[in-house]
Amino acid sequence: MKVLMLSNEYPPYTYGGAGVHVEYLSKELAKLLPVEVRCFGDQYLDQQNLYVRGFTLEKVDYGCPKYLESVFGAVQRGLSFNSFGIEADLVHCHTWYTHLGGILAKLNYGIPLIITTHSLEPLRPWKREQLKGGYDFSSWVERAALEMADAVIAVSYGTKQDILHHFRIADEKIKVIHNGIDPMEYKNNHQPMHFDATGWIRPSRLCCLSDELPARRASYIWFEPSSTSILTSRWFSALGLLIPQKSPPKWRLRSKKPLPTDQA
C-alpha cells in the first residue's frame, strides 16, 4: 500500500499545526509503508519510504483581486497534484486548500479519500472579510470533500462534535486521533530556567493564544500557579517546559488581554 498526502504546508513552509502534523505523521508512516507528500512550494525530499514534492505557482497571469489569489492558487495546485499522475492506494488531505485535489483523486483515480480536520470553515466566519466570495468557495469545497470522504479524522472529540453539527456525515465514519508528539524529541529536560533565560517564558507565568470569536483577533491568556489543574500541569511537565517533575506546578486562569494589533 502507498499513501499520498496532500498538504498546503510542509517544512520549511510551515506556519501552523497542520504543517507540523503532516511532517511528523508522514515521517512515522514511512516507517511502515511508502508515503508521498505533495505540498505547496518548492520542497523536494527522497528518503527511503518518504518522498516529498512541492508544487510551485505561477501567478503572472492572475488578474483577480489579491485576496482571491490563495483561493485560485489552491485550485491550480489541486489540478497539478492530479495531472502529475497518481499511483497511490489512498489520498489523505489536510485543510481545505487540498480538498479539491482530494476530490479529483478520488473520482478520477478511484482511490479512497481520507481527510484530517484541523479546523472547520463554518467556525471561521471572519474569513469572509479576508476572502469575500472566496470564503463561499472554501466552505463549499470543504463540505463537498468531507461529505464524500471515505473516512474523516478529527483531532479531538470536540472537533468530532463540530463535524457532526455542521456536516452530514455518519458518526461511524469519523475517527478521533489526537495530535501526538515525538517522545524522543519532546521530553522533560529538567531545565526550567532555560526558557526564562531566553526570554520565552517564566516559570511563574504562562501566556497562551486564543483565537476566540467574535473578536477575530487572538487574545493573550495569562496563567499563574494554583491548585486547579493537575492534568494541565502534567502536560506542561511532559513537554519539559517549566519545572522538574518532582514538583509540577498547577495553573489557573489569571486574566485575558487583547493581542496587540500588529501581532493579530
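A nonpolar core, as I use the term, is a set of buried Ala, Val, Leu, Ile, Met, Phe, Trp, Tyr and Cys residues joined through side-chain atoms within 4.5 Å. Buried means under 20% relative accessible area, exposed means over 50%, and partly exposed is in between, with a 1.4 Å probe and protein chains only.

This is a predicted model: local features need pLDDT of at least 70, side-chain atom pairs count only at pLDDT 80 or more, and totals for chains, interfaces and linings use all residues. Residues are numbered from 1 along each chain as its sequence is written, and side-chain values use heavy atoms, with hydrogens and water left out.

The overall numbers come next. The protein has 264 residues, and 42% of them are buried. Its secondary structure comes to eight helices and eleven strands. These are DSSP runs numbered from the N terminus, helices being H or I with at least four residues and strands being E with at least two. Among contacts with a separation of 6 or more, 56% are between residues 24 or more positions apart; contact means heavy atoms within 4.5 Å.

Now the core. The largest nonpolar core has 33 residues, and the members that touch the most others are Val91, Ile115, Leu146, Val152, Ile163 and Ile169. At least two residues each come from β1 (3–7), α2, β5 (90–94), α3, β6 (113–117), α5 (133–148) and β7 (151–154). Helix α5 gives the largest share, four residues. Another core, of 14 residues, lies apart from it, and includes Val3, Met5, Tyr10 and Cys39.

What does Ile163 touch, leaving out residues up to four places away in sequence? The list is Thr117, Leu120, Val152, Ala154, Ile169 and Ile174.

Next, a helix pair. The axes of α2 (residues 69–83) and α3 (residues 99–109) come within 8 Å and cross at roughly 30 degrees. Axes here are lines fitted to C-alpha atoms, for helices over the stretch in contact, and angles run from 0 to 180 degrees between N-to-C directions. From α2, Val75, Gly78, Leu79 and Asn82 meet Leu100, Gly101, Leu104, Ala105 and Tyr109 of α3. Six residues of this contact are nonpolar, three are polar and none is charged. In that count Ala, Val, Leu, Ile, Met, Phe, Trp, Tyr, Cys and Pro are nonpolar, Asp, Glu, Lys and Arg are charged, and the others, Gly among them, are polar.

On to the aromatics. Rings of Phe, Tyr and Trp (its six-membered ring) pair if their centres lie within 6.5 Å; planes under 30 degrees apart are stacked, over 60 edge-to-face, and the rest tilted. The whole structure has eight aromatic pairs. Phe40 and Phe81 form a tilted one, 6.0 Å centre to centre with 45 degrees between the planes. Phe40 is in strand β2 and Phe81 in helix α2, so this pair ties together parts 41 residues apart in sequence.

Tyr97 sits in the loop between β5 and α3, 57 residues from Phe40, and is partly exposed at 22% relative accessibility.
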